[in-house]
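Hi,

Here is the structure I promised to pass on to you. Have a look at it first, and then read my notes below.

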Amino acid sequence: MENTFVRVRSAKDIVISLSLIILGSVLVALPTGAGINIAGFFMIFAGIIVVLVLRTGYRNTATGEKFQKTEHYFQQTMNAAISSALESKPETIDLTEADKGNAVKLDIYYSRSADKAYLQLFEYIPYKYEPCSKMYEYEIKKVEKLIK
């Protein structure tokens, strides 16, 4: 079964957009100055834009479960070490080396409710990241330190 993830709206996205729209509507409805009304209209407009654009959640197309995503970037020299750790012991990946380069990217899709995490390693080829490992599935407790 192929695990592919697509971006979807999360509950946080909906709460943010609704909050902006409601707060903006309240500001417009109050009998205040023109400046406050203009700010209210901008908040309503921002809320509408956010509901149309913002998608921070991910959904597994095969199972329909919703996930969150975390990314870690590493130097090229870490590629072999991370690849071997992904096969058996992902908790041994050294996050102190993270964000010291951007040649290798580790994507982690996780869902605490489903108790699953999917890990995949990508290598930077000019202008995009290409997968350089298969997608590994683990229990969430096994990759807990990579998510934080």
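To start with a pair of tyrosines: Tyr 58 and Tyr 109 are both buried. Please keep in mind that this is a predicted model.

Aromatic rings

The rings of Tyr 58 and Tyr 109 pair edge-to-face, with 5.4 Å from centre to centre and 75° between the planes. Tyr 58 belongs to strand S2 and Tyr 109 to strand S4, so this pair ties together parts that are 51 residues apart in sequence. Together with Phe 5, Phe 67 and Tyr 118, these two tyrosines form one aromatic cluster.

In total the count comes to 7 aromatic pairs. In one of them, Phe 5 and Tyr 109 are stacked, because their ring centres are 4.0 Å apart and their planes lie at 5°. Phe 5 sits in strand S1 (residues 5-8) and Tyr 109 in strand S4, so here the linked parts are 104 residues apart in sequence. Phe 5 counts as buried, at 14% relative accessibility.

Nonpolar cores

The largest nonpolar core has 20 residues, and those touching the most other members are Phe 74, Leu 86, Ile 93, Leu 106 and Leu 119. Strand S4 gives the largest share of this core, 4 residues. There is also a second, separate core of 5 residues, including Phe 5, Tyr 58, Phe 67 and Tyr 109.

Best wishes

Terms used:
Residues are numbered from 1 along each chain as its sequence is written. This is a predicted model: local features need pLDDT of at least 70, side-chain atom pairs count only at pLDDT 80 or more; totals for chains, interfaces and linings use all residues. Side-chain values use heavy atoms; hydrogens and water are left out. A nonpolar core is a set of buried Ala, Val, Leu, Ile, Met, Phe, Trp, Tyr and Cys residues joined through side-chain atoms within 4.5 Å. Buried means under 20% relative accessible area, exposed over 50%, partly exposed in between (1.4 Å probe, protein chains only). Helices (H or I, at least four residues) and strands (E, at least two) are DSSP runs, numbered from the N terminus. Rings of Phe, Tyr and Trp (its six-membered ring) pair if their centres lie within 6.5 Å; planes under 30 degrees apart count as stacked, over 60 as edge-to-face and the rest as tilted.
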